[in-house]
Amino acid sequence: MKTLPENQYDRMSAPRYIGLPTFMRAPQIEDPSDYDIAMIGIPYDGAVTNRPGARHGPREIRNSSSMMRSIHPVSRINPYEQCHIGDAGDVPFTNVYDVEKAHKNIEDFIHLYTSSNTATLAAGGDHSVSLPILRALGHDEPMGLIHIDAHTDTWDDFLGTDYSHGSPFRRAVEEGLIDPKRTIQIGIRGAQNASVGWDYSESVGMRVIFMEDILELGIPAVIKEARQIIGSNRAYISFDIDSIDPAFAPGTGTPEVGGFTTREALSLIRGFDGLDILGADVVEVSPPWDPTGMTALVGASMMYELLCILATAHRLRTE
Ligand code: MN
Ligand code: MN
């Protein structure tokens with residue numbers, strides 16, 4: 001049988017509409033230990049509180065991500081020259097009807113990568129998936145967290161579960177996975193029926209920056225404060241697509257008007273270059289609510305920005 005070796009085909013210079021649509025047209029991963037950064041799909045939305053559909057996020061983000069290129073226009077980082085980057089495929093679920101069992105599927109699969117010191121860049125899925133990712137990172141001490149979202153996701157139990165997409169970061173504090181004093185939540189907005197999430201975040205010492213404050217502060221001041229809070233220790237970045245205004249990203253389960261423009265979101269992520277980021281995710285892209293496909297493109301674009309941040313972090317850790 002004749003086979004075509006991977007290196008005979010330069011994926012980045014090939015026409016972008018050709019081939020299996022892996023994330024960013026990166027090669028499919030066979031052995032996790034060969035890679036520095038793994039992009040992973042988590043097609044799970046069993047923990048949403050309202051509109052579903054984020055289970056279809058990874059497939060549409062993969063398709064839109066074929067539009068992404070390699071050299072960053074501002075930093076001139078080419079993550080593919082700095083790191084070995086691949087697509088790990090999707091979490092192979094054996095349980096989707098029980099949230100805690102589904103989360104265990106996610107944790108076990110992500111752990112295949114984190115245990116070989118491969119950084120992970122995940123595409124959700126609803127926001128509950130960040131909790132099993134943080135569990136799989138499993139560090140000796142709680143990590144810092146940059147959380148960009150319209151919602152604090154520190155609510156408590158909801159309709160019979162402690163693990164809805166409204167509570168991952170409360171559980172992460174309780175489980176000692178993140179340090180609330182090294183956590184910053186950026187872009188919070190929207191009315192609530194109860195203030196329990198906002199109250200919890202502030203009571204444990206998280207820095208919560210409401211969108212109203214960002215209008216006053218400006219993006220550079222927010223970046224400066226985030227960098228001070230995270231410092232030189234390890235941290236994770238979680239990006240909920242609903243942080244962006246639904247004018248740009250309507251395809252999500254819990255849209256809130258008055259959000260970031262895509263231009264502001266790009267500037268914000270670019271401001272985290274040089275921090276010791278171990279992993280990141282982009283969650284809550286819900287294709288059934290995304291009539292033009294724009295939200296998937298925004299999600300893929302944010303993943304590319306985060307890939308560049310992870311590439312710098314990898315370089316700084318290994319040089
Ligand atoms: Mn969220
Ligand atoms: Mn949200």
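Where does asparagine 117 lie? I found asparagine 117 in the loop between helix H3 (99–114) and S3. Helices (H or I, at least four residues) and strands (E, at least two) are DSSP runs, numbered from the N terminus.

**Ground rules.** I am working on a predicted model, where local features need pLDDT of at least 70, side-chain atom pairs count only at pLDDT 80 or more, and totals for chains, interfaces and linings use all residues. Residues are numbered from 1 along each chain as its sequence is written, chains are lettered from A and ligands numbered from 1 in the order in which they are written, and side-chain values use heavy atoms, with hydrogens and water left out.

I placed arginine 76 in the loop between H1 and helix H2 (79–82). With 64% relative accessibility, arginine 76 counts as exposed.

Next I checked omega. The peptide bond from glycine 124 to glycine 125 is cis, with omega near 10°. Glycine 125 sits in the loop between strand S3 (119–124) and helix H4 (130–137).

**Helix H8.** I tested the length of H8 (residues 219–230). Its 12 residues, at 1.5 Å each, should span 16 Å, and the end C-alpha atoms are 16 Å apart, which agrees. The expected span is 1.5 Å times one less than the number of residues.

Which residues of H8 are buried? I listed Ile219, Val222, Ile223, Ala226, Ile229 and Ile230. They cover an arc of only 130° around the axis, which puts them on the same side of H8. The arc is that of the directions from the helix axis to the C-beta atoms. An α-helix has 3.6 residues a turn, so residues three or four places apart point the same way. Pro220, Lys224 and Gln228 are exposed on the other side of H8.

I then asked what covers the buried residues of H8; the cover includes strands S4 (143–148), S5 (178–188), S6 (207–210) and S7 (235–240), along with helices H7 (211–217) and H9 (262–270). Glycine 231 follows H8, and its phi is positive, near 65°.

Isoleucine 229 and lysine 181 are 48 residues apart in sequence, yet 7.6 Å apart in space, C-alpha to C-alpha. Leaving aside neighbours within four places in sequence, isoleucine 229 is in contact (heavy atoms within 4.5 Å) with Lys181, Arg182, Thr183, Ile184 and Arg207.

**Helix H9.** Ala265, Leu268 and Ile269 are buried in H9. They cover an arc of only 95° around the axis, which puts them on the same side of H9. These buried residues pack against S4, S5, H8, S7 and helix H10 (294–318).

**Two single residues.** Is arginine 170 buried or exposed? At 10% relative accessibility, arginine 170 counts as buried. I found arginine 170 in helix H5 (residues 168–174). Not counting residues up to four places away in sequence, arginine 170 touches Asp153, Thr154, Trp155, Asp156, Val196 and Tyr200.

Histidine 56 is in the loop between strand S1 (37–42) and H1. Its relative accessible area is 41%, so histidine 56 is partly exposed. Not counting residues up to four places away in sequence, histidine 56 touches Pro287 and Pro288.

**Pockets.** I used a 1 Å grid over the protein atoms alone; a pocket is an open set of points where a 1.4 Å probe fits, with protein on both sides within 12 Å along at least five of seven lines, and lining residues have an atom within 4 Å of a point. A volume is the space filled by probe spheres set on the points.

The largest pocket has a volume of about 540 Å³. I counted 23 lining residues, with Thr49, Trp155, Phe158, Gln192 and Thr254 nearest its centre.

The second largest pocket holds about 340 Å³. Among its 15 lining residues, Pro58, Arg59, Arg62, Gly89 and Asp90 are closest to the centre. Helix H1 (57–65) and strand S2 (85–90) are the elements that give two or more residues to this lining. S2 gives the most, with 4 residues.

How values were computed:
Buried < 20%, exposed > 50% of the residue type's maximum accessible area, 1.4 Å probe, protein only.
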